[in-house]
Amino acid sequence: MSKSMRFLTLSGAAALLIGFSGCPDSGKVADTDKPGTTAQTDDKTPAAGDTTTEPAKKPPVDDGAPPTMPPAVPGSALSAVKVPANATPDELLTLLIQLGQQKFNRAMPGPFQDAQHGRVKAADQLLAAPTATVQQRDAAINSKYEALRMLQGTTGDMSFLKETETFLTSLKNDKEEHVRDYATRMLFLLQVERLQVEGKTAIDGTMAELDRLIAMPDRNERTFQDAQTIVPALLQLEEEEQALEAMRRIGQAFLDYPDEQVVFAANELLARYNIARMGYEDKYTAVMQNDTPENRAEVIETLKKAMAESPSASAFQFSKQAAEFFERRGNYADAVKVYEALHQTYSNHEIPEFAEEAKITVDYASKRIQLIGQPFQVVGTTPDGTPLDWNAYKGKVVLIDFWATWCGPCLEELPQVKKVYEAYHDKGLEIVSINTDKKMDDVQRFFRSNEMPWKTVLSEIGVPEGESTLMDRCGVSTIPFMFVVNREGVVVDIHTRGDRLLEVLAEQLGPVEGLGEPAPAPAPAPGGAASPQSSYEPSLEMETFFVSAPADDSEEAADLPDVNPYAASPRLTTAELVEYLFRMEDKPQIVQTRDGFSDAVIEASDRILADKEAKSAHRRLATLTKFRLLQEAAAFGDKKADDKLAKFVEANADNTDKQIATEVEFLQLERRALNASDIPLPEVEELLAELHEYFTSHNLGEKHLRLASTTIKLVNRFDDPNNLELSRQYGEQREKYFAAFGAAFAKSEFKQLASYGKKLSKPADGAPSELVGKPLELTGATALGAEFDWAAYRGKVVVVDFWASWCGPCRAEMPHLKKLYEDLQDRGFDVVGVNLDKDAEAMATFIAEQKLNWTNIAGEGTKELANKYGVRGIPTLMLIDADGNVVSVAHKSADFAAKIEELLPKAAG
């Protein structure tokens with residue numbers, strides 16, 4: 001048995017066919033048809049586990065009137081929540097609904113936790129009430145369970161897990177069957193969570209809970225889904241025999257279920273169980289490591305047997321994967337054997353999706369393989385609308401390269417293709433690239449900043465509807481896809497990438513000395529074949545997740561001690577680590593921002609760089625990946641990441657790789673700007689000129705946001721509240737800088753930077769410095785949702801800070817402002833933030849991380865405040881006296897230090 005059997009879990013493609021990819025519910029014992037029984041969250045309350053279950057089929061009580069939403073309990077009153085001892089069941093239910101509406105905020109978790117304690121008390125009292133209805137008891141059970149889990153998730157106190165288990169155990173003897181079933185399901189999920197924390201000692205208990213779960217008479221679709229959470233948990237412990245046994249038990253238990261989709265999924269589990277029992281993964285791994293006819297024959301026979309026993313989604317997926325692997329290796333006869341078996345097994349399958357997928361897969365494979373030995377010519381137009389003259393390529397050896405501007409592997413391979421072209425062009429090599437983008441704007445944007453010394457033909461753009469494209473004609477389902485046409489115009493081979501391309505060219509044109517390492521051949525990207533499924537690239541390396549992490553990527557990852565669920569296996573080779581980097585780069589953004597993700601990817605990059613035998617293309621990928629992740633972390637105020645970034649840039653200062661050198665140049669410029677806070681103003685002007693040249697000659701994206709905000713910080717050096725003569729002297733020049741840089745930023749495709757640029761470009765009605773001596777009025781809602789009361793600050797000296805979490809200078813200034821606040825808050829001093837983030841969660845996270853204890857105004861109204869008071873560059877800080885008048889405007893709190901001391905005695909007195 002293999003050491004790693006991650007393929008046991010259902011793939012994304014299989015899950016789509018099964019139809020169980022819907023959003024999970026919140027673990028309710030029954031649907032009470034009442035609002036408020038599920039706690040609302042502002043920023044995704046940290047869950048202690050994935051405790052989702054299917055609501056029972058019990059109908060709610062209907063009194064003939066629509067439910068009403070009681071008002072939420074004010075946050076200020078939560079610390080004193082008391083449950084009246086004589087409250088009626090109706091009153092207790094109302095209180096549960098009110099407390100359930102309390103929103104979680106990372107910056108101030110206390111009110112939310114107080115609400116959960118109140119829910120537990122009210123639920124206990126309602127459950128003890130002899131006159132409570134079934135529906136009211138269900139609501140109480142829901143509320144107490146959810147409150148206990150929320151308390152564990154937000155406090156990290158594991159005693160709440162024990163309390164939850166005790167509560168659920170007590171429900172196993174409840175008089176209502178649907179409550180007993182609910183308790184069984186929830187206890188199983190908690191046991192799986194314990195399995196991950198406690199390890200192998202919890203296996204027996206978890207398997208026993210599994211048996212109880214799948215034996216429930218009222219089991220449903222969600223029960224089936226919940227039961228499967230044990231499989232990846234066991235695999236994580238490398239308990240493969242137990243994982244297989246769990247799959248067998250679950251599959252057998254649901255074969256007689258009345259829903260045909262569940263029966264299909266149960267059969268799919270058993271199919272994977274049988275394929276694993278056949279030792280398929282060991283055989284496939286043997287082919288990958290030692291590609292011999294004997295090993296290929298073992299794989300083919302196993303796949304044929306699997307398809308014969310059960311024409312399942314799993315057998316289809318693994319067969320398609322093996323056939324495409326054989327094809328890419330040039331073992332076309334063996335690939336055809338598997339494709340033919342796929343056709344025979346699935347072309348008339350009772351499930352139409354399988355039949356269609358089989359048809360597309362085999363048709364496209366046939367088109368690709370039949371290219372070999374046949375005459376070929378390219379017919380199409382270039383991006384400028386000119387038809388390609390194929391006659392110009394007569395007598396030449398031509399490399400045909402299918403690619404797209406969005407395809408990471410295509411762009412990664414491009415530098416090496418250029419080297420091959422330069423080495424072989426004089427010997428008779430030409431290249432025709434076939435672009436597969438759907439939008440002309442994407443193609444034109446790419447060629448504005450990138451050059452290809454050969455012709456490009458459009459495959460998809462401009463082709464009349466109903467006519468076949470070059471991709472259809474050549475059977476291209478994944479890209480990059482390359483093949484070579486010889487001097488006689490005949491295709492000599494397909495999948496000619498990396499070493500194979502050099503071998504074919506050496507045969508056709510003779511070897512070339514000093515060409516260097518061939519490019520790697522990373523996994524192809526989906527290339528837009530006739531259906532989305534036909535471009536699915538299956539892999540045995542299917543990802544498994546810790547069970548306590550929700551399956552939906554939109555939720556937060558589980559918080560397990562000393563475990564990084566994103567870390568690459570220590571057994572991966574350098575080539576496998578490269579594949580890992582590509583997979584991680586494709587993860588959704590919300591996953592990439594989770595704790596541990598960047599650390600895992602950087603660690604994998606370092607392992608590649610530590611391999612002295614690693615190919616140059618692999619080293620390039622690892623270096624650029626590490627640059628990107630460190631720069632992203634540094635931009636969000638991670639000082640350690642910034643220090644690591646500076647050292648890594650220095651270590652690569654002399655790197656001769658063109659792409660790395662370009663990135664080093666950008667990062668060196670960014671570092672100079674960050675370190676320019678105190679250089680003489682003439683040097684600032686020189687640096688600003690260099691920065692403007694850079695911004696106007698490059699495509700600007702998200703990574704440029706820190707440099708952009710730092711640039712505006714440098715512009716603001718010409719506005720010194722302690723040197724009004726300087727401010728007047730450079731006032732006009734400062735406005736020109738705003739206009740010039742704003743125009744450059746506004747062209748960015750990154751919306752946040754473009755919006756920032758448009759704001760800078762807009763002429764100001766008046767400079768903030770013109771506010772001095774005038775009253776300031778602030779209105780709006782606070783970050784916690786309350787109405788802001790500006791009048792409450794009269795009699796205090798206040799610094800008003802216009803800021804955003806994405807603004808590097810704002811983040812850099814925050815520790816100084818925080819120290820000022822902590823030193824002076826007892827002397828009549830306060831701070832009010834005016835936050836300009838569009839992302840409320842980013843703001844709340846930053847406030848919580850920095851422990852900012854002053855009030856922040858947030859939301860749409862802050863943009864109007866910034867416009868009203870001429871705020872364009874941030875941070876902009878305004879010093880307000882005890883009467884509410886503006887005393888000074890600056891961009892650093894240190895500029896206010898002396899003035900604040902002058903004002904405080906008056907305010908305090």
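Visitor: What counts as a salt bridge here, and how many does the structure hold?

Guide: A salt bridge is a side-chain nitrogen of Lys or Arg within 4 Å of a carboxyl oxygen of Asp or Glu. This is a predicted model. By that criterion, the number of salt bridges in the structure is 41.

Visitor: Happy to start with D334 and R296: which helices does their salt bridge tie together?

Guide: The side chains of D334 and R296 meet with N to O at 2.5 Å, and that falls within the 4 Å cut-off.

Visitor: Is R296 buried or exposed?

Guide: Buried means under 20% relative accessible area. For R296 the relative accessible area is 9%, so R296 is buried.

Visitor: Which residues are linked with D334 and R296 in a network of salt bridges?

Guide: Good one to look at in your viewer! D334 and R296 already meet in a salt bridge of their own. The network that holds them also links D291, R329 and K337.

Visitor: Now for K144 and D124: which of them counts as partly exposed?

Guide: Their side chains form a salt bridge at 2.6 Å, N to O. K144 lies in helix α4 and D124 in helix α3, so the pair ties together parts 20 residues apart in sequence. K144 is buried, with a relative accessible area of 10%. At 35% relative accessibility, the partly exposed residue is D124.

Terms used. Residues numbered from 1 in each chain as written. Predicted model: local features only at pLDDT ≥ 70, side-chain atom pairs only at ≥ 80, totals over all residues. Heavy atoms only, no water. Helix = DSSP H or I, 4+ residues; strand = E, 2+ residues; numbered from the N terminus. Buried < 20%, exposed > 50% of the residue type's maximum accessible area, 1.4 Å probe, protein only.
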